[in-house]
Structures are given as structure tokens and as C-alpha cells.
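Trainee: I would like a close look at one part of this structure, the aromatic rings and what surrounds them. Please start with the question below.

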Amino acid sequence: MIGPQQDARLSSARQQCTGYERSQFKHWIDADKNGCNTRAEVLLAEAVTAPAVGPNCVLTGETWYSPYDDQYLDSAKKGDVDHLVPLAEVWDSGASAWTPKEREAYANDLDDPRALIAVSAASNRSKADKDPSTWMPPYAGYRCQYLTDWIASKTRYRLTVDSTQQAALTESLAHCPDQPVTITFAR
């Protein structure tokens, strides 16, 4: 839960929509130097069936669940690790003012399991850099969780939303049950 001294409301602001380049977010690093990068760490953490870990952290014999489209994946090659709040959206809503180290921390955030998620490649490609005003998971049973996690991730990094996003969130969340959300601020 958010403490009484912390403001968990998303700030609404016009977003900075220029200057984004994916390379500004160094991602898939091996922060703990165990031979597995951030992508592999997410796949290991979210596996339904634990994979065998080979040389260079090659994963085999695994199964993952993709909540975006309610699919089970039997190979790491069929899946992606998605930044729940896309990097371009993060840039537009505040990260353009961050340091390179802060952007790297966001792009490799293993401290909050909502930040990065294993999903099917097809669903991740359909989402691309869209926000909830222009994209929702195809699987309706996951939409409320997606919205809650999206807001928690935005809040964790003190990112803004624009008026279109705010309206879409308000409308979509009207169909979701209230639930407590715990947030640990990253910055």
C-alpha cells in the first residue's frame, strides 16, 4: 500500500513526443553478472515449466503463459519480454529528463514484477508502443490487471499521463473491481 505521505495520483500533463530513440534505454543487461540478462531473468521468473539453463543462459524445455492473449508458449523464441509501459511512452511522459542510468534502471527493472512481462511475440508486436487509450490486451480476462499494473508502473516512476490516456483509464477502470495496489517508488 502507498503510505500517507506519498502521493500516488498520476499527474496529467501534455507529453513530450519528440526525441525518443530506443537506444536511449540500455536494456537487457546482466546486472547480477550471473550470465543471464534481464530478458532471461524475466523468462526464468515467469516460467510455468522451469527451463533448463544452458551455456550463455540459453533456455530450453520451458513453458510460459502470455496473459495478453491467453496463450501458452513452449519456446522462448515464441515470446517477448515486454516493458508493460513501453519505452517510447516512458520517454514521452517524463524519462526524456532522466539520466541515462535512470533510463537503464527502468528498462531493466526486476524489482517490480509488473514492469516487465513475458508475452507472446504476436501480442507484443500488436501492442508496440501503444498505451491503454489505443491498445488493450486481446484477452478480456486480463484487462483489469493490465490497467492496474500499467498505472502502478507509471506511478512507481512518477510518470505523467495525457488527457486522452486519463479518459481511457477512467472509462476502462469503471468496469474493474477496486483492489488495493502496493507501490514502491523507484525515483
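Which residues form one aromatic cluster?

Mentor: Tyr68, Trp135, Tyr142 and Tyr146 make up one aromatic cluster. Before going on, note that this is a predicted model, in which local features need pLDDT of at least 70 and side-chain atom pairs count only at pLDDT 80 or more, while totals for chains, interfaces and linings use all residues. Residues are numbered from 1 along each chain as its sequence is written, and side-chain values use heavy atoms, with hydrogens and water left out.

Across the whole structure, ten aromatic pairs are found. Rings of Phe, Tyr and Trp (its six-membered ring) pair if their centres lie within 6.5 Å; planes under 30 degrees apart are stacked, over 60 edge-to-face, and the rest tilted. Tyr65 and Tyr72 are a tilted pair, because their ring centres are 5.0 Å apart and their planes stand at 50°. Tyr65 is partly exposed, at 25% relative accessible area, and Tyr72 is exposed, at 57% (buried is under 20%, exposed over 50%, partly exposed in between, with a 1.4 Å probe and protein chains only).

Trp98 and Tyr157 are also a tilted pair, with 5.7 Å from centre to centre and 35° between the planes. Trp98 is in the loop between α2 (87-92) and α3, and Tyr157 is in the loop between α5 (143-156) and β9 (160-161), so this pair ties together parts 59 residues apart in sequence. Helices (H or I, at least four residues) and strands (E, at least two) are DSSP runs, numbered from the N terminus. Both Trp98 and Tyr157 are buried.

Tyr157 has a further partner, Asp109: a polar contact of 2.7 Å joins their side chains. The side chain of Asp109 also has a polar contact of 2.9 Å with that of Arg156. A polar contact is a pair of N or O atoms within 3.5 Å; within protein, one must be able to donate a hydrogen and the other to accept it, and residues adjacent in sequence count only if both atoms are side-chain atoms.

Asp109 is placed in the loop between α3 (100-107) and β8 (116-120), and it is buried, at 4% relative accessibility. Beyond its neighbours within four places in sequence, Asp109 is in contact (heavy atoms within 4.5 Å) with Ala115, Leu116, Arg156 and Tyr157.
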